[in-house]
Amino acid sequence: MNLIDVLFVPGHSVAWDYIVSFDFLPDALAGLDTLISSLPKDGLDEISEGVWASPSASIAPSSCIMPPCIIYDDAEIRHSAFIRGNAVIGRGVVIGNSVEVKNSIIFDEAEIPHFNYVGDSILGYKAHMGAGSITSNVRSDKGNIVLHLPDGDFDTKRMKLGAFVGDRAEIGCNAVLNPGTVIGHDSVVYPLSSLRGYLPPSMINKGCGIIAEKRNKEELCSAR
């Protein structure tokens with residue numbers, strides 16, 4: 001299956017052309033340092049060696065940003081955020097209090113606001129991580145991470161891989177996305193869930209193996 005089709009609509013990231021150049025999405029995470037060095041820097045300031053940021057980005061003095069990293073317009077890097085390098089931070093993104101991000105692409109307007117860990121992952125447009133939710137990126141046995149998808153299992157050949165979270169997906173507070181988890185666009189993961197494998201678009205993972213179809217507001221109103 002084409003993961004891009006179930007995750008993202010075209011655009012909403014300066015890295016879009018880079019992402020769609022890969023047949024196998026996990027491979028896109030192997031070259032983020034090269035990507036960052038190749039992206040245009042017009043209108044950006046090099047605020048420290050290897051770290052470029054838009055003048056309209058809000059960056060707290062208490063944050064720690066390691067190179068290479070690129071931060072676009074109107075992003076917020078809040079108190080005690082820790083960006084460990086190889087990070088593409090899109091327009092209007094929120095990286096919040098005590099959040100750690102590394103080797104990841106964060107699409108425009110995604111929010112990672114409170115006590116989160118996002119590593120070796122891609123978060124889609126307007127995706128939201130609830131407080132304390134994390135992307136676990138290493139198996140306990142340190143083996144290669146496998147994607148479990150409807151059309152089969154695929155060895156990523158990577159020992160570190162977090163999650164692929166689609167556009168407008170909502171990840172509840174203190175949820176854990178286990179290594180190689182794929183969350184389709186517009187889906188919801190309930191708080192305190194531990195999720196692995198694949199959640200299709202516009203679905204709700206309620207935990208304990210319970211998955212339901214997401215209903216839009218119009219459907220809910222007509223059902224009352």
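Buried residues are those under 20% relative accessible area, exposed residues are over 50%, and partly exposed residues fall in between (1.4 Å probe, protein chains only). The model shown is predicted, so that local features need pLDDT of at least 70 and side-chain atom pairs count only at pLDDT 80 or more, while totals for chains, interfaces and linings use all residues. Residues are numbered from 1 along each chain as its sequence is written, and side-chain values use heavy atoms, with hydrogens and water left out.

View 1. With a disulfide taken as a pair of cysteine sulfur atoms within 2.5 Å, the count comes to zero. Cys64 is in no disulfide, and the nearest cysteine sulfur, that of Cys69, is 11 Å away. Cys64 has a relative accessible area of 38% and is therefore partly exposed. Cys173, at 37% relative accessibility, also counts as partly exposed.

**View 2. An aromatic cluster of Phe8, Trp16 and Phe107.** Rings of Phe, Tyr and Trp (its six-membered ring) pair if their centres lie within 6.5 Å, and planes under 30 degrees apart count as stacked, over 60 as edge-to-face and the rest as tilted. A search of the whole structure finds four aromatic pairs. One of them joins Phe8 and Trp16 edge-to-face, at 6.4 Å centre to centre and with 85 degrees between the planes. Trp16 and Phe107 form an edge-to-face pair, with 6.4 Å between the centres and 85 degrees between the planes. Trp16 lies in helix 2 (residues 16-19) and Phe107 in the loop between strand 11 (104-106) and strand 12 (111-114), so this pair ties together parts that are 91 residues apart in sequence; helices (H or I, at least four residues) and strands (E, at least two) are DSSP runs, numbered from the N terminus. Phe8 is buried at 5% relative accessibility, Trp16 is buried at 13%, and Phe107 is buried at 0%.

View 3. Nine strands form an open sheet in the order 1-2-5-8-11-14-19-22-25, with mixed pairing, where two strands pair if DSSP finds at least two bridges between them. Strand 1 (45-48) and strand 25 (198-199) stand at the edges with a single partner strand each, so one side of each is left without a neighbour in the sheet. Strand 1 and strand 2 run antiparallel and are joined by three bridges, and Ser48 has Val51, in strand 2, as its bridge partner.

**View 4. Nonpolar cores.** A nonpolar core is a set of buried Ala, Val, Leu, Ile, Met, Phe, Trp, Tyr and Cys residues joined through side-chain atoms within 4.5 Å. The largest has 33 residues, and those with the most contacts inside it are Ile71, Ile89, Ile95, Ile112, Val165 and Ile183. Strand 2 (51-53), strand 5 (69-71), strand 8 (87-89) and strand 19 (163-165) each supply at least two residues of this core. Apart from this core lies another, of 32 residues, among them Val6, Val88, Ile145 and Tyr198.

**View 5. The surroundings of Lys102.** Lys102 is found in strand 10 (residues 100-102) and, at 10% relative accessibility, counts as buried. Not counting residues up to four places away in sequence, the residues that Lys102 touches include Arg84, Asn86, Tyr117, Asp120 and Lys160, a contact being heavy atoms within 4.5 Å.
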